[in-house]
Amino acid sequence: MPADDFRVLPDAQALAAAASDLIAARIADRLRVASRFTLVLAGGSTPRLAYEVLAKRRAAAVPWERVHVFWTDERCVAPDDPDSNFGSAKSALLDHVPIPAANVHRLRAEIAPPSAAADEAERELREFFGDSDAFPQFDLVLLGVGEDGHTASLFPGDPALAEDTRWVVPVETDAKPPRHRITLTLPVLDGAHEVVFLAAGASKQPVVSAIRRDRTAAARNHPAARVRAARITWLVDEAASRGTLRIG
């Protein structure tokens, strides 16, 4: 697979603007040849800032009626809980753009138990993409990265990392609250046409540097380095990039 594309921006605000521009550009490019665009949103503060900028700067340029929105993972909380990834994206982006309700495909992780929530989420994804043995091909997946190298809700050492048949699985972690979550699996992330990682802040520098230096070695400890999509772009700010080769 080709090497990851690392782009360094001056700060978190510039990173958010670059992410907003990239999202709008990818949607426009794809919709020239396709009838719909599938966008997968990540949780976290850095992606949220990108959603806010997208809503303010580029929303009018996006044909939202042809965009379908999904999530990489969700905490097992109500959609209006402060910890909800859906709730965060809703208030930052979806409440401000004319996207049809039918085009918003949230992970209903509040269903108990988490295994049932994961089962339902997978059924809904299979209905959307067509129930087959092939993993789905999302157009664009946005991902964050944790200080421990986790991405989505795929944490170091978790059995979910070895999943090779399921699309969505439950996760129980003590690494970061809330403990109970559901997440897309690595084969689903790998199947995307493009994955874009967003990383800002000095606390992310060690993991960004490790992945930039040797992705194969980093994959032993950092789940983010195990994502193998056909095209992977990293948008990082100066604080997160120190010690990496500056590109772009």
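What follows is a chat about the sheets, helices and ring pairs of a predicted model.

Student: What is the strand order in the sheet of six strands?

Tutor: The order is β1-β9-β8-β5-β2-β3, in an open sheet with parallel pairing.

Student: Which strands stand at the edges there?

Tutor: β1 (5–9) and β3 (67–71) do. Each has a single partner strand, so one side of each has no neighbour in the sheet. From one strand to the next, the twist averages 20°.

Student: What packs on that sheet?

Tutor: Helix α1, residues 12–31. Helix α1 touches β1, β2, β3, β5, β8 (195–199) and β9 (232–237). The direction of α1 makes about 155° with that of β9.

Student: Back to the strands. How many bridges are there between β2 and β5?

Tutor: Two bridges, with β2 (residues 37–41) and β5 (residues 140–144) paired in the parallel sense. Val 40 has Val 141 in β5 as its bridge partner.

Student: Now the other sheet. What is the order in the sheet of three strands?

Tutor: That open sheet runs β4-β7-β6, and its pairing is antiparallel. The edge strands are β4 (73–75) and β6 (168–172); each has a single partner strand, so one side of each is left without a neighbour in the sheet.

Student: How many bridges join β6 to β7?

Tutor: Five, and the two strands run antiparallel. Strand β7 covers residues 180–184. In β7, Thr 183 is the bridge partner of Val 169. Helix α4 packs on this sheet and touches β6 and β7, with its direction at about 155° to that of β6.

Student: Change of topic: at what angle do the axes of α2 and α3 cross?

Tutor: At roughly 30°, and the axes come within 8 Å. The helices are α2 (residues 45–58) and α3 (residues 85–92). α2 and α3 are therefore roughly parallel to each other, as angles under 35 degrees count as roughly parallel. The crossing of α2 past α3 is right-handed.

Student: Which residues make the contact?

Tutor: Arg 48, Tyr 51, Glu 52 and Ala 55 come from α2, and Ser 88, Ala 89, Ser 91 and Ala 92 from α3. By class, four residues in that contact are nonpolar, two are polar and two are charged.

Student: Last one: how many aromatic pairs are there?

Tutor: The count comes to eight aromatic pairs. One of them is Phe 70 with Phe 128: the ring centres are 5.1 Å apart and the planes are at 75°, so the pair is edge-to-face.

Student: Where in the chain are Phe 70 and Phe 128?

Tutor: Phe 70 is in strand β3 and Phe 128 in helix α4 (residues 114–129). The pair links distant parts of the chain, 58 residues apart.

Key
Residues numbered from 1 in each chain as written. Predicted model: local features only at pLDDT ≥ 70, side-chain atom pairs only at ≥ 80, totals over all residues. Heavy atoms only, no water. Pairing = 2+ DSSP bridges. Helix = DSSP H or I, 4+ residues; strand = E, 2+ residues; numbered from the N terminus. Axes fitted to C-alpha atoms, helices over the stretch in contact; angles between N-to-C directions. Contact = heavy atoms within 4.5 Å. Parallel < 35°, antiparallel > 145°, perpendicular 65-115°, else oblique. Left-handed = near helix turned anticlockwise from the far one by under 90°. Nonpolar A, V, L, I, M, F, W, Y, C, P; charged D, E, K, R; others polar. Phe/Tyr/Trp six-rings, centres within 6.5 Å; stacked < 30°, edge-to-face > 60°.
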